[in-house]
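Take a look at the chain below. We will go from the whole fold down to a single side chain.

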Amino acid sequence: MPLLSNLRNNPVATIQNSFIYVDTSPMGRNNGGHVLITETDHTIYSYFRIQPAIVSRDFYFPFLARNVGDIRNVRPINGTIVVTPGMNGCALEVCYSNGCYNFFHDADGKYMSTVRNPGTRVCRIEANAYWDSRYTISDNYLGYATPAVHFICVYKNGFWHVGAFGFRSKFNPTGEDEIHGAFPPACGRYVGYFNDTIHLIKR
C-alpha cells in the first residue's frame, strides 16, 4: 500500500512500521528547495523519488562535501516533509529562527561551526546515534552496494517527527536505484520528535 499519504497523516505509526528509500539524485547538486515527491510501492519498502518543484509544501536540502548543505526558512504546515540524501557519517541538524526552521546536512558531522546565523539548535542527530560499523560488512555479492541511512522529517500538529531507514543500494543513472537490503538504524526507525521548545539531541 502506498505510504506517502499515511506518512503525512500519521507519521509515528507509518515510520515505525515501514522502510522508505529516498532517491534525491534528480536534484543533482542543487541548493535546497521545494520538491515534488512521487512514490513507488515495492511491498517491503516504498521508493520516494524527489524532483524540483516551483511551489510545494515539501523540501529538500543537499549534501555538500566538506561543507554544510541546507534549506532555510521552512514554515511547515501539517504533512510537510523534508528530506536529504542518505547519511553514513554525517549529522542532521535543525535550528529555529524567527518562526522558521533551518535544516542542515553537516558533512562528517564537523562543519556546523562554519555556518553563519543558523538559529537556535532544536535537533541534532550525529552518526554515533544511527550508525554501526557492521552496516558496512556484507557478502561479496553486496560489496558494491553502499549502505546509508535515509532521514525523513514530517510535520504534524506542531511537532516534527524524524524517521530513519537503512538501505544498501547501488546508484542507477537510468531508473530506480538497485536496492540490496534494508536495515533498522542503531537509533531505530522512529528517532523522536521536536519543535521550537522541545529539542531532540542524539549523539
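A polar contact is a pair of N or O atoms within 3.5 Å; within protein, one must be able to donate a hydrogen and the other to accept it. Keep that in mind for later. Note too that this is a predicted model.

Start with the whole chain. It has 3 helices and 14 strands. Its C-alpha trace spans about 50 × 35 × 30 Å along the principal axes. A compact globule of 203 residues would have a radius of gyration near 17 Å, and the chain has 16 Å, so the two agree.

Now look at how the chain packs. Of its 203 residues, 50% are buried. Take the contacts with a separation of 6 or more: 64% of them join residues 24 or more positions apart. The accessible surface is about 9600 Å². Carbon and sulfur atoms hold 47% of that surface.

Next come the charges. The chain carries 18 positive and 15 negative side chains. The centres of the two sets lie 6 Å apart.

You will find Arg 124 in strand β9, which covers residues 120-125. Is Arg 124 buried or exposed? Its relative accessibility is 4%. Buried means under 20%, so Arg 124 counts as buried.

What does the side chain of Arg 124 make a polar contact with? One partner is the side chain of Glu 93, at 2.5 Å. The side chain of Asp 106 is also joined to that of Arg 124, by a polar contact of 3.0 Å. Beyond its neighbours within four places in sequence, Arg 124 is in contact with several residues, among them Ala 91, Gly 109, Met 112 and Leu 200.

Technical notes: Residues are numbered from 1 along each chain as its sequence is written. This is a predicted model: local features need pLDDT of at least 70, side-chain atom pairs count only at pLDDT 80 or more; totals for chains, interfaces and linings use all residues. Side-chain values use heavy atoms; hydrogens and water are left out. Helices (H or I, at least four residues) and strands (E, at least two) are DSSP runs, numbered from the N terminus. The radius of gyration is taken over C-alpha atoms; the globule rule is 2.2 Å times the number of residues to the power 0.38. Buried means under 20% relative accessible area, exposed over 50%, partly exposed in between (1.4 Å probe, protein chains only). Contact means heavy atoms within 4.5 Å. Accessible areas come from the Shrake-Rupley method with a 1.4 Å probe; for residues, only the protein chains shown count as cover. Lys and Arg count as positive and Asp and Glu as negative; His and the chain ends are not counted. The place of a charge is taken as NZ of Lys, CZ of Arg, CG of Asp or CD of Glu.
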